[in-house]
Amino acid sequence: MRIAEIIMAIALAALSLAIMYKAGERPSWSGEARFSNVGFGEDGAPQGGFWPFWVCAIMFVCSIWVFINGVMKLSPPAKSGGPYLDRHGVNVLLTVGLPVFLLVLLTDYISMYFSMAIFLFYYLFVLGRHAFILSSAMALVMPLWMFLFFDITMTRTLPKGVLAVEDGIYVPLGNFFRSLDGAMIGLCFLAGAVVLVAASMLSKRGEDA
Amino acid sequence: MEVLGLLLDGILIALEPANLLICFIGVVIGLFVGAMPGLGSVNGVAILLPTIFFIKQSTGSDAAPMLFLAAIYYGAMYGGAISSIMLGIPGASTAVATTFDGRPLALKGRAEQALVTAALASFIGGTIANIFFTGFAPPLASVALKFGNPEIFALMLLAFATFVGLGGDDIPKTIISIMLGLVCASIGFDVSEGEPRLQFFDLTGFSRPINFLVLAIGVYGVGEMLWTLHTTRGDTEMSKADVSLAKIKTAAGNTYREGWKGTSIGSSLGFFVGILPAAGATPGSLMSYGVAKMTSSKPDEFGKGSIDGVAAPEAANNSASTGAMLPMMTLGIPGSPTTAVLLTGLVLLELEPGPRLFQDQPDFVWPVIGSFYISNLIAVLVNLAFIPLFLWMLRMPFTILAPIIFILSTAGVYAATDSMFDVWLMFWFGLAAFMLRILNYPLAPAALAIVLGGITEAKLRQSLQWSDGSFGIFFNPFFDRDGSGSTYWIAPIIAWIAVILILMPLFQVIKRRFLRGPARPSHWQG
C-alpha cells in the first residue's frame, strides 16, 4: 500500500507538471512565447493560462506533500502493510472492470444495444451464476427497454456502430415501434416485465428441483 | 406573509396530478436506490439526470424535472435506513449512523420498531428543515442579490475551504481532488480571450470543458460499483421483520415517547450542518448521533438498540439534505455532491442558479419548494405502506443490480452528451476513482469543483480586472473599488473565514501535538 501511495503521488505530480506545461502553450497564430500567458495581462487581469497553471502548481505541491507523507509513513495508507489490491481486488478489475471496458469498446462495432446484451448475459450467467433462462431474458428485455426508452420515447439515438452501415435490424425495428402509439409502447414495456417475471419464476423452479 | 402565499401556490402546483405522479415515481425510485447497498442519492440522481429532458419534453414545465430529482433525493434518505437496519450494511453513507442502533434493534427482533422510528423521524426532520428552508431562503437570496464579483469569488473560496477545514479527510489529498475538478472545468477554450487551452493531444473531445455528468457518473456509477464489489465480500444475513398495522401503531407510540429528543436534535442540527458546503447528510447524521448520545439521560443504551439512536441520525440526514438545498438554490453553491448534480440539472434546463432565480423564476422556485413538503409526505406514506415490498426487493442479488447500473451509466452518458468520447472518459474516470479511493483520496471535492470551476475562474478574473490585479479586493474592506471611497465588508469577511478554515487543520496538528486529541471520522458522501 505504501509503494502504491508513493507511486500515485509521483504520477499526480507528473500530471500536474504536464498540465502546467500544456497550460503555458500559446496557439501558433498568436506568435507568443510559451508561458507568456500565465501571469497578469496589461489590464491587470490574469490571462488565459493563469488559472490552470496555478491550480496545477498547487496540485503539484500537494502531490509532493502526499509523497513525503508516504515516504515518512505518516498517512494511513502508507502505514498499512496490506497490498494495494489483494486477490479479490484484482479479480474485481479483471472480471468486472475489463468487461465494462469491452462494453464500451464493442459499442463502436456491434452497437450499444448488442454490447449491452452480451455484457448482461456474461454478468448474470457467468459471474452471477444465475439460471440460463433468467440471464437470457434479462439480456433480451433490458436492451429492448433501453431501445424503447432512448431511441423511441426520448428520440435520443444511442450509437449503432458498424451495424448501422448495412442496417437490416435497427431501421425496421425503429419503423415498427415508431408506428405504434403511446399506449402500445407502454404495453411493450409491460410485456418485457412479464417476460422477466416469468423467467425468474421458471429459473427458481429449476433451482428448487 | 407574502412567502406563505407563494408557498401555498407552490404546494398547490406540486399537488397537480401530473406533478404528484412525478413526485411519487421519484420517491419510489429514491427509496429503492437508497435501500440498495452501494447506491445512494447521488448515484440515483446522477444516473437518472438524463431523464430530465424527457420529463421536460412531456410535461412542458421546468419545475417537473426538478421535482423528480428532488423526490429521488428525499426517497433515498428514507431508503438508506432500510438496509442499515435489515442487513446491517448502510444503504448509503448517509445511513451509516443508523446502523449503530438500528441493527441491534433488528437483532433483538424489533426490526419493525427501528423501521417505523426511522420513517417517522425522517418525516419530522424533513418537515422541520422545509420550514427552516422556506424561512431562510428568500432573505438569503435577497442579500445574495447584492453580491458582486469579489463576493461571489470569496463564497467559492469558502466552499472549497470548508472541504479542507471540515471535510475530515487527508488534507493534501482533498486539495488535489479539488484541483483536479477545477482543471477538468477549465479544459477547452479560455472564454475571455478566445484562445484554445488544455486541448490535450488535439482531441476534439477536449475542445470544451469536461461535462460534470461524465465525471459524476464515472465516479458514482462505475467507480462506486467497482468499489462496492471490492469491499463487500461474503453475503449478509437479513433480519426478519413482522409488519402489521397494529405493530406500526405501537412502534409509532414508542417513537413518540422515546425518540422525540433524538428527532429534535437531528432535525435542527442536521439542517445547519447540511448548509455547509463540505458537510452534507453523512457528517450531519454522525454529529447528531453523537450529540443525542451526549445529552441523553440513558447514554448506556446507545449502541444496544436505543430508539433515540435511530431517530437522531435519520431525522438529521433528511434535514441535512434540505439544508444542502439552501445554498444551492439561493447562492448557486451546492451543499453536497447530490445537490451538485441537481445544480447541473438546473443548468441543463437553462435556468441560471443563484439569487436571481428567486426573483426571475418564481414559477419554478416555489413549486419546487412546495414539492419538498409533498415528497416528504409521500415518502413517509410509501415507506410505511410498502415496507414488506422493500424487504422483498432487498433480496435482489447484487449480481443483477450491478450490471444494470453499468449499462445505465453507459447509456445515460451517451444520451446526455451524444459523444462516445465522453463515454470513454466516464469509464476512465470510474477506473481512476476506484484506484484513488483505495488510497483514501476523497472524490466529492472533485465533483463540486468541476461544477464551480468555471464560475470561480470567471469571478476571479473579473474581480482582478476591476482591482488592477490587486488581491486586496478580496481581503481588504477599505480597498477602493470604484474611487468612491466606500467600504465593502462582505467579501473580506467571507474570504478571511475561508483562510481560517484552510488553516484550521494546522491548528489541529498543533493541538494534537500538545494535547493528543482523537482523530475525527472521515467518511462522508451525502
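The model is predicted, so local features need pLDDT of at least 70 and side-chain atom pairs count only at pLDDT 80 or more, while totals for chains, interfaces and linings use all residues. Residues are numbered from 1 along each chain as its sequence is written, chains are lettered from A and ligands numbered from 1 in the order in which they are written, and side-chain values use heavy atoms, with hydrogens and water left out.

**Interface between chain A and chain B**

- Chain B contributes 68 residues to the contact and chain A contributes 71 residues; contact means heavy atoms within 4.5 Å.
- The two chains bury about 6100 Å² between them, 78% of it on carbon and sulfur atoms. Buried area is the accessible area (1.4 Å probe) that two parts lose on being put together, summed over both.
- In chain B, the most area is lost to chain A by Ile407(B), Trp424(B) and Leu439(B), together 10% of what that side buries.

- Two salt bridges are counted between chain B and chain A; a salt bridge is a side-chain nitrogen of Lys or Arg within 4 Å of a carboxyl oxygen of Asp or Glu.
- Glu5(A) forms a salt bridge with Lys173(B), and their closest N and O atoms are 2.9 Å apart.

**Make-up of the chain B side**

- Among the elements that each supply at least two residues to the side of chain B that touches chain A are α9 (171–186), α20 (420–438) and α21 (444–466). Helices (H or I, at least four residues) and strands (E, at least two) are DSSP runs, numbered from the N terminus.
- With 14 residues, α19(B) gives the most to this side.

**Helix α9 of chain B**

- α9(B) has 16 residues and reaches 23 Å from its first C-alpha to its last, close to the 22 Å expected at 1.5 Å a residue. The expected span is 1.5 Å times one less than the number of residues.
- Of the 16 residues of α9(B), 15 are buried, where buried means under 20% relative accessible area (1.4 Å probe, protein chains only).

- Asn130(B) lies in helix α7 (residues 111–144) of chain B and is buried, with a relative accessible area of 2%.
- Not counting residues up to four places away in sequence, Asn130(B) touches Tyr74(B), Thr322(B), Phe372(B), Tyr373(B) and Asn376(B).
- Ala45(A) sits in the loop between α1 (2–23) and α2 (50–71) of chain A; its relative accessible area is 6%, so Ala45(A) is buried.
- Residues touched by Ala45(A), not counting those up to four places away in sequence, are Phe40(A), Arg461(B), Leu464(B) and Gln465(B).

How values were computed
Buried < 20%, exposed > 50% of the residue type's maximum accessible area, 1.4 Å probe, protein only.
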